[in-house]
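Please look over the structure below before reading on.

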Amino acid sequence: MTTTDLAPPREQHPPSPDADDTGEQSVAGLLRPYRWSFTAVVILQVIGAVAGLAPLLAVVELGRALLASGPIDHDRVWFVVIAGAAGLLVRLLFTAASSGIGHLLDGQVQLALRRHLAERLGRVPIGWFSRRRTGELTKVVGQDVSAVHPFIAHSPGELVSAFVVPLLSLAYLFTVDWRLTLITLIPVVLALAHVPLMMTPARLREERRFDAAMGRIADSVVEFVQGISVVKAFGGSGRAHRRFRTATDDFVDVYHRFVRGISVIAAGMQLVLSPPFALLVVLIGGTVLITTGGLPPADLLPFLLLGLGLTAPVAALIAHGFDDLQAARRAVGRIRDVLEVAPLPEPARPIAPQGHRVELRGVRFGYEDDREVLRGIDLVLEPGTVTAIVGPSGGGKSTLVRLLPRFFDPAHGSITLGGVDLRRISSHDLYRTVSFVFQDVRLLRASVADNIMLAVPHAGLDEVVRAARTANIHDRILELPHGYDTVIGQEAGLSGGEAQRIALARALLADTPVLVLDEATAFADPQTEQAVRQALRALEGDRTILVIAHRLETVADADTVVMLDNGSIVEQGRPADLLAANGRFAAFWRSREYR
Ligand SMILES: Nc1ncnc2c1ncn2[C@@H]1O[C@H](COP(=O)(O)OP(=O)(O)OP(=O)(O)O)[C@@H](O)[C@H]1O
């Protein structure tokens, strides 16, 4: 990431003095403003569901009226028909209103969740991202937020149907005949008896294994696709395929076990909730009661009509509503994990740095608790000097320079800028003072000019051109289809070295008094090398410059060389003096045969 401008990285682990952490924003807290709308959705749904019983009851009453001995009571029949039709209309209106509001609410909730995720991602330490896969975060912000859709838009309807409608039906059926009501309940009771079997620890374990196996397949596919060029070039396709095959074979085993365990229970449940079974139970019970218990035959009608209404919503809820809810619950868990990442603490009372002398005192840092990457760094970067960091790979150079723009905060020790601890400087002041150009350059899908002007949006074109010239990229920009207006990634692609020079131009235009630079080896083309040298010369004056140096010229031009090995400074001084001393740096210099 090359940014003189990106959202300020904030940190989670430093015991920051005077920190003003805004604390976590839970998912429940995010949903609170929508509780009244959600209540309205449920109430409308309940009214709609209750009204929906009217047509069924109307049919029952019609049956009774038409089957009754004697002349037909026309007024009663008309009343029943109109009441049934009115109930149907109310049901349609209220469920439509509930569904409409539910879907609007769903849109608002998803937007709020995505905004909060974006806001939180903008405040977590930049270093936090290096440990996350892009795919993982895309899934949280995209699919996981979408997975709350059934929960907001459909669950109220399904839950109301599954509980309110059967309860009201039962209440009515009890008034008709309590014995047949109990018989009608047999399928529901049998289905509920299956539920504990689905929730045993073994079943839940199988479910977790199933999820994990799915995740492994997804990972192996993503890895395979992302690394396909390397795999093809180096002929490792067999190995890469094998990982995918192993994941799918594992999945087949896990799935078999999962299905074997659940299928008997699920089939039993489906059977007892199926309409034929429910009808059979009511018919057998009804027949027995009519023949021996004195139940009037017309009273069987409500049980046949409403009895099915008891089992169908429960079956629908079990068939997919439950799964949707479970999926939504897991998705909300992942969203919560991201929302709970502690942001870098901002000082409650920021102090402005006085000047731009940088001082590191006893700085210790590790990515993992048990492994220190920096083991007590003492270093002063004086204004007006260039300090070059050199050392073997893995020595901690990148880690050290990333502490200056607060990708992370040190676990121990302190870094001061202009006499003030970085953790007491507002991110606004920090990023007006420190800019950085690292190896993993990311350019935005915007015009070349906009990319260069990110930190200084009101810069004039002449200033942009001057920065681009110093960064040795101006001529290349003019060759692009629309010059400085060319949209990167859409109208033109740039090489790694070119992208780095754009990033350099961005940092030059930002013109901050402190610049941290990683002289990339990955894109070591002559123009980029020249650009870095040119930039360092152009930046002379009062600036404080820290550069990870890979090339002879950069090291030779530096005022101070710092040799970092295994997280410690092993030598430090003027380049010529260190060479003359013939110590660690001189040996390293010779072994690397700096170009
Ligand atoms: N994001 C990270 N998470 C965990 N460990 C990391 C991370 N980044 C670096 N490390 C580890 O920290 C140590 C120092 O890495 P660093 O990149 O700072 O070294 P370096 O001197 O810049 O190396 P190079 O010259 O190869 O870039 C290495 O052991 C590396 O594996």
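## Basis

This is a predicted model. Two packed helices are described by the angle between their axes and the distance between the axes. Each pair below is treated in that way.

## H2 against H3

Helix H2 covers residues 35–67 and packs on H3 with the axes 7 Å apart. The angle is about 160°. Angles over 145 degrees count as roughly antiparallel, so H2 and H3 are roughly antiparallel to each other.

The crossing of this pair is left-handed. In the contact of H2 with H3, 22 residues are nonpolar, nine are polar and three are charged.

## H3 against H6

Helix H3 spans residues 74–121, and helix H6 spans residues 149–176. Their axes come within 8 Å and cross at roughly 160°. H3 and H6 are therefore roughly antiparallel to each other. The crossing of H3 past H6 is right-handed.

On the H3 side, the contact uses Thr95, Ser98, Ser99, Gly102, His103, Leu105, Asp106 and Val109. H6 supplies His149, Ile152, Ala153, Pro156 and Gly157. By class, the contact of H3 with H6 has five nonpolar residues, seven polar and one charged.

## H2 against H6

H2 and H6 have axes 9 Å apart and pack at about 45°. That angle makes H2 oblique to H6. The crossing of H2 and H6 is right-handed.

From H2, the contact draws on Val41, Val42, Gln45, Val46, Ala49, Val50 and Leu53. From H6 come Pro156, Gly157, Val160, Ser161, Val164, Val165, Leu168 and Ser169. The contact of H2 with H6 holds 11 nonpolar residues, four polar and no charged.

## Annotated transmembrane regions

An unreviewed UniProt entry places the feature "transmembrane region" at residues 36–57, 77–94, 157–174, 180–199 and 301–322.

How do two of these spans look in the model? Residues 157–174 are 100% helix and 0% strand. The end C-alpha atoms of residues 157–174 lie 25 Å apart. Residues 180–199 are 90% helix and 0% strand. Across residues 180–199, the end C-alpha atoms are 31 Å apart.

## Ligand shell

How many residues surround the ligand? The shell has 12 residues. The closest are Tyr367, Ser393, Lys397, Ser398 and Thr399.

Which helix gives the largest share of the shell? Helix H14, residues 397–403, gives three residues. By class, the shell has eight polar residues, two nonpolar and two charged.

Key. Residues are numbered from 1 along each chain as its sequence is written. This is a predicted model: local features need pLDDT of at least 70, side-chain atom pairs count only at pLDDT 80 or more; totals for chains, interfaces and linings use all residues. Axes are lines fitted to C-alpha atoms, for helices over the stretch in contact, and angles run from 0 to 180 degrees between N-to-C directions. Helices (H or I, at least four residues) and strands (E, at least two) are DSSP runs, numbered from the N terminus. Angles under 35 degrees count as roughly parallel, over 145 as roughly antiparallel, 65 to 115 as roughly perpendicular and the rest as oblique. A crossing is left-handed if the near helix is turned anticlockwise from the far one by less than a right angle, and right-handed if clockwise. Two residues are in contact if their C-beta atoms, placed from the backbone, lie within 7 Å. Ala, Val, Leu, Ile, Met, Phe, Trp, Tyr, Cys and Pro count as nonpolar, Asp, Glu, Lys and Arg as charged, and the others, Gly among them, as polar. UniProt positions are given in the numbering used here, feature names are shortened, and annotations may be inferred rather than shown by experiment. A residue is near a molecule or strand if its C-beta atom, placed from the backbone, lies within 6 Å of it.
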